[in-house]
Amino acid sequence: MDRIKIVGGGELNGTIPISGAKNAALPLMIASLLTADRVTLKNVPNLADVNLLARILRNHGTDLAVDGKRTSPNLQGETFHLTARDIVDTTAPYEMVSRMRASFWVLGPILARMRQAKVSLPGGCAIGTRPVDLHLTGLKALGAEIEIDGGYVLAKAPKGLHGAHIIFPKVSVGATHNVLLAAALAKGETVIENAAREPEVGDVAALLVKMGVQIEGIGTSTLRIQGRDRLDGAIHTVLPDRIETGTFAMVVAATGGDVVLEDTRIELLQNALDVLAATGTTVTPTASGIRITRRKGEIEPVTVETQPYPGFPTDLQAQLMALMTRAHGTSVIRETIFENRFMHVQELARLGADIQLHGDTATIKGVKHLRGAPVMATDLRASVSLVIAGLMAEGETTVGRVYHLDRGFERLEEKLSRCGANIERLSSG
Ligand code: EPZ
């Protein structure tokens, strides 16, 4: 298994191009199941999760052609042409869905188009139990008959789906995607209240509009969708990855230096950037991105709790915690979205961090020095928090199980080393 070796200490200076958002690319690719026509997606990041979903979609009958070379030196995203002329298989098997939860979101579109679908339950995962009850309640409201058998969701709608008024009791990104995608091919109007407002949901809605669906309230918590019998093909560019943006911003806050994050937008992560500014980091908009600067001086501690968008994202919690390990004082971070998203705490402690956990709250006492050590990645965002800590630490840190990192960060080592970081991948051969 590959490992990443980091020698901490230096400042970062330069430019980092931001990739298309993983968490938008996945549901956008899934949306292509709704039409027999071609859906073209530009700025698709080259990530393990994207490649796995491509395999899953091919299994359902999608033809996928890719423009652009995976090895392109300018780190540009690829263009995917997806055509699901016929859905040849309405089953999404356990072996695939268990490897990536987002593949469960094929349920809504396959059910809406084929009037039946059999999709494996995704199972638990490292960051929490992550149930799918809201997805199923939403689809039942649209007229689906649902049974669970042998670990699979068996969904049927012999007469097709119909519009409904759905009020989610809790904000869920995945349930919003699943119901929004299904509602696009349902008969009549669907209203989703308490919908997730994450920009990636807005990006999917924007693609659906191009495919001919009328949607009101994009970007708000109430979506009003007029379903159609048939959707058209469309061309769409995946929006910038706000979590990758926030991660690199925290890297620069951690190491010091001056880096321009290109091809991204401040408003996608205003809350996280406000928190970063409170730590003493300067955030400035540029024509095509964001400049992050931190000169000498202490990192100020902060008190933060994760919240659905537009609040502070859970997907940046581990990275912020890594930064706070070196703050000048005590920080408090409360995780309100996932109950078990603190697996990085023990690994950060191996580098000398002082973190106390009480239920959903971590109290981080800043230390003067971190020291490099071998550590283990446990999930995608936890693994990048170890990279941040390694870049701040004295001496050498090796991060094991980097396949977690490859699920969601495109060419991380290359982007960082171009700005002067001492980081390399040790290939297991
Ligand atoms: C999406 O996961 C993201 N994944 C996650 O990013 C992100 O952390 C999460 O949203 C929250 O922002 C993708 O976009 C591919 P949820 P999702 O449904 O949709 C509970 C990453 O690192 N819930 O919004 O699975 C759930 O247990 C990943 O890129 C129910 O109770 O998250 C959680 O506590 C990790 N019942 C909360 O809602 C349900 O039916 C929010 O989960 C569904 C969810």
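These legends describe close-up views of a predicted model.

**View 1. Domain 1 against domain 2.** The domain assignment gives domain 1 two segments, 3–19 and 240–426. Domain 2 runs over 22–237. The C-alpha centres of domain 1 and domain 2 lie 30 Å apart. Across the interface, 27 residues of domain 1 are in contact with 25 residues of domain 2. Domain 1 and domain 2 bury about 2,200 Å² between them. Of this area, 51% is on carbon and sulfur atoms. On the domain 1 side, Arg407, Glu410 and Arg411 lose the most area to domain 2. Together these residues account for 28% of what that side buries.

**View 2. Helix α10 packed with helix α12.** Helix α10 covers residues 317–324, and helix α12 covers residues 380–392. Their axes are 8 Å apart and meet at an angle of about 20°. Angles under 35 degrees count as roughly parallel, and α10 and α12 are therefore roughly parallel to each other. The crossing of the pair is right-handed. From α10, the contact takes in Ala318, Gln319, Ala322 and Leu323. From α12 come Arg381, Ala382, Val384, Ser385, Ile388, Ala389 and Met392. By class, the contact of α10 with α12 has eight nonpolar, two polar and one charged residues.

**View 3. Helix α8 packed with helix α12.** Helix α8 spans residues 242–255. The α8 and α12 axes lie 9 Å apart, at an angle of about 20°. That angle makes α8 roughly parallel to α12. Here too the crossing is described by its hand: α8 passes α12 in a right-handed crossing. Ile243, Thr247, Met250, Val251, Ala254 and Thr255 form the α8 side of the contact. Arg381, Val384, Ile388, Leu391 and Met392 form the α12 side. The contact of α8 with α12 has eight nonpolar, two polar and one charged residues.

**View 4. A cis peptide bond at Pro310.** The bond from Tyr309 to Pro310 is cis. Its omega is near 10°. Pro310 sits in the loop between β18 and α10. Strand β18 covers 303–305.

**View 5. Positive phi at Asn194.** Asn194 is not a glycine, yet its phi is positive, at about 60°. Asn194 belongs to the loop between β11 and α7. Strand β11 covers 189–193, and helix α7 covers 199–210.

Technical notes:
Residues numbered from 1 in each chain as written. Predicted model: local features only at pLDDT ≥ 70, side-chain atom pairs only at ≥ 80, totals over all residues. Heavy atoms only, no water. Axes fitted to C-alpha atoms, helices over the stretch in contact; angles between N-to-C directions. Helix = DSSP H or I, 4+ residues; strand = E, 2+ residues; numbered from the N terminus. Parallel < 35°, antiparallel > 145°, perpendicular 65-115°, else oblique. Left-handed = near helix turned anticlockwise from the far one by under 90°. Contact = heavy atoms within 4.5 Å. Nonpolar A, V, L, I, M, F, W, Y, C, P; charged D, E, K, R; others polar. Domains from an automatic or database assignment. Buried area = accessible area lost by both parts, 1.4 Å probe.
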